[in-house]
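Please read it with the coordinates open.

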Amino acid sequence: MATVSIKKESIDFLKVLSKNNNRDWFTEHKHHYTKAHENIIGFADALLIEMNKHDHIETLSGKKSLHRIYKDVRFSKDKTPYNPRWSGGFKRATKKLRGGYYYNIAPGNSFVSGGFWGPVPNDLQRIREDIDLNYDGWRKLFSDKTMVKTFGEMVGEQLSSAPRGYAKDHPAIDLLRYKQFRVRHNFTDKEVLSADFVYNVNDTFKKMRPFFNYISEVLTTDANGVSVI
């Protein structure tokens, strides 16, 4: 499959949509949306092919990875009907491979992210248990030169104080307070439009693997290292 680049027109559509975020305008320009949408599907398909060379992805196609541009405004104060961005996610296959990949393409706000957005209570408890017992390993993981250069620090929602059962002066309280465990890398608009963007995104996703592999090991074993899968 030939490499698919993101076209300038696909980004320009988002810019204009941001200024005309209403149904009448969108209906009138639906053909522009369709053309841009097909371009992004092609990009996502090409990205999925690259990712399956080094990981096992459950998501079946680039199209299935894409999030809808139509917003659910029922519970939102912002009633504009469309999301002026192209975004999507890829899920890793099997219960042993944890973590998810996410991409967001928008003028001035393009990035990829990966990790664990909403761990179920048992998973969150197990992660915190591992941080408590092995925080030196977590420090080592996130001080790796490639991780620091590519992602900086871990990001995600945090508690305002210590989680139940842990002291406020715990030596890893900064890690224990996390409710989400993610990394993120930003891209410029110029990078998004480059011919090798699909490879750059794939390479960035690949650099998340030590993080994914570590937490996958944690979530599929107990505190004694015995498999629970």
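This is a predicted model: local features need pLDDT of at least 70, side-chain atom pairs count only at pLDDT 80 or more; totals for chains, interfaces and linings use all residues.

The points below run from the whole chain down to single residues.

1. The protein has 10 helices and 4 strands. Along the sequence, the order is α-α-α-α-β-β-β-α-α-α-β-α-α-α.

2. The C-alpha atoms fill a box of roughly 60 × 40 × 30 Å along the principal axes. There are 229 residues, and 45% of them count as buried. Take the contacts with a separation of 6 or more: 66% of these join residues 24 or more positions apart.

3. **Helix H5 falls short of its straight span.** H5 covers residues 121–143, which makes 23 residues. A straight helix at 1.5 Å a residue would reach 33 Å. In the model, the end C-alpha atoms of H5 are only 27 Å apart. Where is the kink in H5 centred? It is centred on Asn 134, and the angle is about 95 degrees. Please look at that residue when you inspect the helix.

4. **What H5 buries.** The buried residues of H5 include Leu 124, Ile 127, Ile 131, Trp 138, Leu 141 and Phe 142.

5. **Helix H10 from its own side.** Buried residues in H10 are Arg 209, Phe 211, Phe 212, Ile 215, Ser 216, Val 218 and Leu 219. Which elements do they pack against? The partners are E2, strand E3 (110–116), H5, H6, E4 and H9.

6. **Arg 209.** This residue sits in H10 and is buried there. Setting aside neighbours within four places in sequence, Arg 209 contacts His 54, Asp 55, Arg 92 and Tyr 101. Arg 209 and His 54 are 155 residues apart along the chain, yet their C-alpha atoms are separated by 9.6 Å. The contact list of Arg 209 holds both Asp 55 and another arginine, Arg 92.

7. **Packing of H3 on H9.** Helix H3 (residues 30–51) packs with helix H9 (residues 197–206) at an angle of about 45 degrees. Their axes are 9 Å apart. The two helices are therefore oblique to each other. Their crossing is right-handed. From H3, the residues involved are Phe 43, Ala 46, Leu 47, Glu 50 and Met 51. They meet Phe 197, Val 198, Tyr 199, Val 201, Asn 202 and Phe 205 of H9.

8. **Glu 50.** Beyond its neighbours within four places in sequence, Glu 50 is in contact with Tyr 199 and Asn 202. Both of these residues belong to the H9 side of the packing with H3.

9. **Thr 94.** Phi of this residue is near 75 degrees, a positive value in a residue other than glycine. Thr 94 lies in the loop between strand E1 (86–91) and strand E2 (100–105). With a relative accessible area of 55%, Thr 94 is exposed, the cut-off being over 50%.

Key
Residues are numbered from 1 along each chain as its sequence is written. Side-chain values use heavy atoms; hydrogens and water are left out. The expected span of a helix is 1.5 Å times one less than its number of residues. The bend at a residue is the angle between axes fitted to the seven residues ending there and the seven starting there. Buried means under 20% relative accessible area, exposed over 50%, partly exposed in between (1.4 Å probe, protein chains only). Axes are lines fitted to C-alpha atoms, for helices over the stretch in contact, and angles run from 0 to 180 degrees between N-to-C directions. Angles under 35 degrees count as roughly parallel, over 145 as roughly antiparallel, 65 to 115 as roughly perpendicular and the rest as oblique. A crossing is left-handed if the near helix is turned anticlockwise from the far one by less than a right angle, and right-handed if clockwise. Contact means heavy atoms within 4.5 Å.
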